[in-house]
Amino acid sequence: MAERRIDPEDGAAYTWEEFSAYYAGKYKKKAVEAYWEECEKRGRTRASAKAKAKDEAWGKKAEPKAAPKAGEGQGQSEGQGQGQGCEGEVKSAGNFKVCVCGGAGGIGQPLSMLMALDPNVKELCVFDLSVAMVPPAGVAADLGHLERKSEVKGYVMEVGQKPIDNLKECLTGCDLVLVPAGMPRKPGMTRDDLFKVNADIAKGIVEACAKFCPDAVLGLVVNPVNSIVPAMAELYKKKGLDPLKIVGVTTLDVVRANKFCGEIMNKNPNYINVPVVGGHAGTTILPLFSQDKVAKLIPEDKIPDLDKHVQDAGTDVVNAKSGKGSATLSMAYAGARLGRSVLAGLMGKKRTECAYVKSDITDLPYFASKVQFGEKGVSKVLPIGELNEYETKRMEEVKAQLKGEIETGLKYAED
Ligand SMILES: NC(=O)c1ccc[n+]([C@@H]2O[C@H](COP(=O)([O-])OP(=O)(O)OC[C@H]3O[C@@H](n4cnc5c(N)ncnc54)[C@H](O)[C@@H]3O)[C@@H](O)[C@H]2O)c1
Ligand SMILES: O=C(O)C[C@H](O)C(=O)O
């Protein structure tokens, strides 16, 4: 039987013939060969055997790999279907309902587009306020013309109303709710300055999710992530729900670390995956360059500046946009990367991404680290791994800063 290898892009196993045919024309032959060499060898997994059997039962040939690699992110796959039953309540591919709250905003529109393009999304709900720059129904009508199977619906709410009174149809049945609803920074502001206004916005949405889609994974993009995630996760806990359904989206830090590392090392960032741990603001952002096979070759004297570049990247975009918002397009890209991984996990294909969640891997109750997504959302919060001397020192700074930001969130949940 021909050898199959797992493509980290979608976690499925392919023969060299399938793999090279898919990437031919997208990448040079040498790059495809190098990528194949990096892919884990594996006999056909239970999940892919199952998918094939299902396809045959439908009289279909196995579908070609669904999404182009160029311009799209890659979650790391971990032993697709192995050690984890694919039977039971696992949802099948292409059947997910996703909502983007704040879906007509700067991040919301491109994020909605990327999610509408995701072959696993059957229904996409774009929710926003009537004062949004475009009516959500307009965004939905526009996205509804993409030649994809996803059905896109718009939901609008008047300012001052409550999501819990308005979002029953929108949220019921959702598997994933992405939340870029809230105010962005202007030059001179910290993310913390957004706390009160954005926590109130997030609370309204989270309360509605608790009622209408308590099993959904909630990806909170809204800042300050370091405080809003603890606040919302504690609210979930109080309602008897799983606080690990609340996931702080820190994928953009990973995307930036990969990109900047690729620039320095003259390598394709698609082959780099630097874990970024801690939190999502200033010094709490800690890229672990020592843990990636390309990044660990960066000369030691270049690390402090590169680390700072990743920490400051959000502020650099805020300043470059001169008062007209913060990162939107790169954030949408990063959010869609996380979204794809969450949906893959729900389908029974484990994926690993960094995210900021309730955690016991340090002495802080919330922390960003590698997280494994599985059939119910977060299935494992993975340990930080080995740190070098520089990273060990930085970790102390991270914890000192993050502690206070977590407390802000916990206090909000108490009040
Ligand atoms: N986690 C990250 O890495 C990251 C990266 C970039 C931006 N952000 C944050 O994402 C948030 C959104 O940024 P943006 O640039 O898209 O802002 P934006 O102002 O362009 O869009 C926000 C949208 O949220 C909507 N909104 C406000 N209140 C709402 C409510 N109660 N219900 C539904 N929708 C509501 C607004 O109408 C608007 O359309 C900001 O808080 C920003 O700081 C996070
Ligand atoms: O910097 C911001 O305010 C937005 C976001 O957190 C980012 O990192 O780009």
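**Ligand shells and domain contacts in a predicted model**

By class, the shell around ligand 1 comprises 18 nonpolar, nine polar and one charged residues. Here Ala, Val, Leu, Ile, Met, Phe, Trp, Tyr, Cys and Pro count as nonpolar, Asp, Glu, Lys and Arg as charged, and the others, Gly among them, as polar. The model is predicted: local features need pLDDT of at least 70, side-chain atom pairs count only at pLDDT 80 or more, and totals for chains, interfaces and linings use all residues. Residues are numbered from 1 along each chain as its sequence is written, chains are lettered from A and ligands numbered from 1 in the order in which they are written, and side-chain values use heavy atoms, with hydrogens and water left out.

The protein contains 13 helices and 15 strands. These are DSSP runs (helices H or I, at least four residues; strands E, at least two), numbered from the N terminus. Of its 415 residues, 53% count as buried. Buried means under 20% relative accessible area, exposed over 50%, and partly exposed in between (1.4 Å probe, protein chains only). The accessible surface of the protein comes to about 18,500 Å². Carbon and sulfur atoms account for 54% of that surface. Accessible areas come from the Shrake-Rupley method with a 1.4 Å probe; for residues, only the protein chains shown count as cover. Among contacts between residues at least 6 apart in sequence, 72% join residues at least 24 apart. Contact means heavy atoms within 4.5 Å.

The protein is divided into domain 1 (4–59), domain 2 (96–248) and domain 3 (251–414). Those bounds come from an automatic or database domain assignment. The centres of domain 2 and domain 3, taken over C-alpha atoms, are separated by 21 Å. Across this pair, 45 residues of domain 2 are in contact with 47 residues of domain 3.

Ligand 1 is surrounded by 28 residues, of which the closest are G106, I107, D128, M183 and V221. A residue is near a molecule or strand if one of its heavy atoms lies within 4 Å of it. Strand β6 (121–129) and helix α8 (195–212) each supply at least two residues of this shell. The most come from β6, with three residues. Both domain 2 and domain 3 give residues to the shell, so ligand 1 lies between them.

Several polar contacts involve oxygen atoms of ligand 1. A polar contact is a pair of N or O atoms within 3.5 Å; within protein, one must be able to donate a hydrogen and the other to accept it, and residues adjacent in sequence count only if both atoms are side-chain atoms. A polar backbone atom of G106 is 2.8 Å from an oxygen atom of the ligand. For an N or O atom in the side chain of N223, the distance to an oxygen atom of ligand 1 is 3.0 Å. For H280, again through a side-chain N or O atom, the distance is 3.1 Å. On its own, ligand 1 has 860 Å² of accessible area, and the protein covers 88% of that area.

Around ligand 2 stand R185, R191, N223, L252, R256, H280, G314, V318, S326 and A327. By class, this shell has three nonpolar, four polar and three charged residues. Helices α10 (251–265) and α11 (303–320) each supply at least two of its residues. Ligand 2 lies between domain 2 and domain 3, because both give residues to its shell.

The side chain of N223 has an N or O atom 2.8 Å from an oxygen atom of ligand 2. An N or O atom in the side chain of R256 is also 2.8 Å from an oxygen atom of this ligand. For a polar side-chain atom of H280, the separation from an oxygen atom of ligand 2 is 2.5 Å. The protein covers 95% of the 260 Å² of accessible area that ligand 2 has on its own.

N258 lies in helix α10. Its relative accessible area is 3%, so N258 is buried. A polar atom of the N258 side chain lies 2.8 Å from the backbone nitrogen of V274. Leaving aside neighbours within four places in sequence, N258 is in contact with P269, I272, N273, V274 and R337.

A334 is placed in helix α12 (residues 329–346). Its relative accessibility is 0%, so A334 counts as buried. With neighbours within four places in sequence left aside, A334 is in contact with T251, L252 and V255. A334 and P163 are 171 residues apart in sequence. Their C-alpha atoms are 26 Å apart in space.
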